[in-house]
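Please consult the structure below alongside the text.

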Amino acid sequence: MLPVLNIGPVALYTPGLILLLGGWLIIQAIGRAARHQQLDGERLEMIVFIALLAGVIGARLGYAFISWPSYLADPWALLSRDLQAFLPPAGVATALVIGGWLLWRQRWPLWPTLDALAPGIALAVLTNALAQLASGDGYGLPADVPWAINLWGEERHPTQLYAALTALIALIVWRVRYRQPQPPGARFLTISAILAAGTLIGDGFAATGWLLPGNIRLSQVVALTLLVIIVRIWTEIFPHYDDA
């Protein structure tokens, strides 16, 4: 955990830096992938930037909605740099709605567009995992394993690193297969399947997140559902796809 990075007299908030750098990398990666898919890379970069910005605003407004008495007393708190004062589900939903609407207006083909977004999705997961590692959020259950990390006074599963490792694997697979002939949508489905599988396994060791009956995380249910959908789509749309 490294919430603050001191460089001489300047104290920098590490999770914020990670999120800013990650946002820039996401935009750059998607722009490059878009040009490979014969799409307008610059326009897609702008759409992603707007969606990310909308996501930040939506996450802050979502948090303000559930904590409205505090913000009613101090409206300027909406501009606070406190990264705890965000509601991630609201931010993700806002980004998806705004980004989806902007993409719909372009009338681009679905699968090539999703393929262009694939590396950005993996980078977003990696960015979030590293930011959580720096801030101490998204921590794991107490554990007695050689790779456990000391967090909040206990040795715990490094679930942030599990998520980061999953994202790195997804990015490596994407890069290795980048120039190989693949049917439209294969890159997106592959990346999504790897991330969903990693979430299904990794979140079993998480100590945070919505817990359902049976000690199952909501994120695991969503990940399993996505895996089933991906397998179904793959077998229906790409029945003759030869992985060789």
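Which residues does arginine 156 touch, not counting residues up to four places away in sequence? In this predicted model, arginine 156 touches Tyr139, Gly140, Leu141, Pro142, Ala143, Ala148, Ile149, Leu151 and Ala207.

**Arginine 156**

- Arginine 156 is placed in strand E4, which spans residues 154-156.
- The residue is buried, since its relative accessible area is 9% and the cut-off for buried is under 20%.
- Its side chain reaches the backbone oxygen of glycine 140 at 3.0 Å.
- A polar atom of the side chain of arginine 156 also lies 3.0 Å from the backbone oxygen of leucine 151.
- Arginine 156 forms a salt bridge with glutamate 154, with 3.1 Å between the closest N and O atoms.
- Glutamate 154 counts as partly exposed, at 35% relative accessibility, whereas arginine 156 counts as buried, at 9%.

**Other salt bridges**

- Side chains of opposite charge can pair when their charged atoms come close.
- The search of the whole structure finds 4 salt bridges.
- One of them joins glutamate 45 to arginine 35, and the closest N and O atoms of this pair are 3.4 Å apart.
- Because glutamate 45 lies in helix H2 (residues 41-66) and arginine 35 in helix H1 (residues 14-36), this pair ties together parts that are 10 residues apart in sequence.
- Glutamate 45 is buried, with a relative accessible area of 17%, while arginine 35 counts as partly exposed at 41% relative accessibility.
- Another salt bridge is formed by arginine 232 and glutamate 236, whose closest N and O atoms are 3.6 Å apart.
- Arginine 232 and glutamate 236 are 4 residues apart in helix H8 (residues 218-237), so about one helical turn separates them.
- Arginine 232 counts as exposed, at 56% relative accessibility.

**Second largest pocket**

- The second largest pocket contains about 260 Å³ of space.
- Its lining consists of Trp24, Leu25, Gln28, Ala29, Arg32, Pro119, Leu123, Leu171, Trp174, Arg175, Tyr178 and Arg179.
- At least two lining residues come from each of H1, helix H5 (110-135) and helix H6 (159-176).
- The most is given by H1, with 5 residues of the lining of this pocket.
- By class, 8 nonpolar, 1 polar and 3 charged residues make up the lining of the second largest pocket.

**Largest cavity**

- The structure holds 1 cavity of 30 Å³ or more.
- About 50 Å³ of space lies in the largest cavity.
- The largest cavity is lined by Val173, Trp174, Arg177, Gln182, Ala186, Arg187, Thr190 and Ile191.
- H6 and helix H7 (186-202) each supply at least two residues of this lining, and H7 gives the most, with 4 residues.
- The lining of the largest cavity divides by class into 4 nonpolar, 2 polar and 2 charged residues.
- Trp174 is listed in the lining of the second largest pocket and also in the lining of the largest cavity.

Methods:
Residues are numbered from 1 along each chain as its sequence is written. This is a predicted model: local features need pLDDT of at least 70, side-chain atom pairs count only at pLDDT 80 or more; totals for chains, interfaces and linings use all residues. Side-chain values use heavy atoms; hydrogens and water are left out. A salt bridge is a side-chain nitrogen of Lys or Arg within 4 Å of a carboxyl oxygen of Asp or Glu. Buried means under 20% relative accessible area, exposed over 50%, partly exposed in between (1.4 Å probe, protein chains only). A polar contact is a pair of N or O atoms within 3.5 Å; within protein, one must be able to donate a hydrogen and the other to accept it, and residues adjacent in sequence count only if both atoms are side-chain atoms. Contact means heavy atoms within 4.5 Å. On a 1 Å grid over the protein atoms alone, a cavity is a set of points where a 1.4 Å probe fits but cannot get out, and a pocket is an open set with protein on both sides within 12 Å along at least five of seven lines; lining residues have an atom within 4 Å of a point. Grid points are joined across faces, edges and corners, and a volume is the space filled by probe spheres set on the points. Ala, Val, Leu, Ile, Met, Phe, Trp, Tyr, Cys and Pro count as nonpolar, Asp, Glu, Lys and Arg as charged, and the others, Gly among them, as polar.
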